[in-house]
Amino acid sequence: GEPMRSGRLRHELEIRRPERTVNEYGEPSVREWTLFLRTRAAILPVSASEQEKFAKLQGELTHSVVMRYRPGIQPDMRIVWPAESRTFEIIEIKQDPTFRRDLVLKVSELVEVK
């Protein structure tokens, strides 16, 4: 593949991690989403064929987020696109296996965020 041009990474995104607490019944719940890191990324819609492939596996796939490789990103984190007030959950994390330069997050847009 082509090395990534930073000009393509034009969206400012936040990656937020869940702050979990336990309620009075002993059930874990997410209290809030705290900032893990801010990064520039490209948000790309995924093709219909890719959507279909994922639907068979583990649910709805709406976008790919391409960013520079950063350690520590976990599947239970969320991606927030502040400029558009949009939130995405991570379905899959794919790393560029050769160079560890890029990270591609397969994400699903959350339409209603409680």
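I take buried to mean under 20% relative accessible area, exposed over 50%, and partly exposed in between, with a 1.4 Å probe and protein chains only. By that rule, 36% of the 114 residues of the protein chain count as buried.

**Model and numbering.** I am working on a predicted model, where local features need pLDDT of at least 70, side-chain atom pairs count only at pLDDT 80 or more, and totals for chains, interfaces and linings use all residues. I number residues from 1 along each chain as its sequence is written, and I take side-chain values from heavy atoms, with hydrogens and water left out.

**Surface.** I find an accessible surface of about 7,400 Å² for the protein chain, with 49% of it belonging to carbon and sulfur atoms. The areas come from the Shrake-Rupley method with a 1.4 Å probe; for residues, only the protein chains shown count as cover.

**Secondary structure.** I looked up the elements as DSSP runs, numbered from the N terminus: helices are H or I of at least four residues, strands are E of at least two. The protein chain has 1 helix and 6 strands, in the order β-β-α-β-β-β-β from the N terminus on.

**Barrel.** How do the strands close into a barrel? I read the order as S1-S2-S3-S6-S5-S4, with antiparallel pairing. From one strand to the next, the twist averages 45°; axes are lines fitted to C-alpha atoms, for helices over the stretch in contact, and angles run from 0 to 180 degrees between N-to-C directions. Two strands pair if DSSP finds at least two bridges between them. I checked S3 (residues 63-68) against S6 (residues 102-110) and got 6 bridges in the antiparallel sense. Val65 has Leu105 as its bridge partner in S6.

**Core.** I define a nonpolar core as a set of buried Ala, Val, Leu, Ile, Met, Phe, Trp, Tyr and Cys residues joined through side-chain atoms within 4.5 Å. The largest one has 16 residues, and Val65, Ile73, Ile79 and Leu105 have the most contacts inside it. Strands S1 (11-22), S2 (28-45), S3, S4 (78-81), S5 (86-95) and S6 each supply at least two residues of this core.

**Contacts.** I count a contact when heavy atoms lie within 4.5 Å. Among contacts between residues at least 6 apart in sequence, 55% join residues at least 24 apart.

**Ser29.** I find Ser29 in strand S2, partly exposed at a relative accessible area of 29%. Ser29 touches Glu19, Arg20 and Thr21, not counting residues up to four places away in sequence. Ser29 and Glu19 are 10 residues apart in sequence and 8.5 Å apart in space, C-alpha to C-alpha.

**Salt bridges.** I searched the whole structure and got 9 salt bridges, each a side-chain nitrogen of Lys or Arg within 4 Å of a carboxyl oxygen of Asp or Glu. Glu12 forms one with Arg40, the closest N and O atoms being 2.7 Å apart. This pair links distant parts of the chain, with Glu12 in strand S1 and Arg40 in strand S2, 28 residues apart. Glu12 is partly exposed at 40%, and Arg40 is partly exposed at 40% relative accessibility.

Asp76 and Arg20 meet through their side chains at 3.3 Å, N to O. Salt bridges that share partners join Arg17, Glu19, Arg31 and Glu32 into one network.
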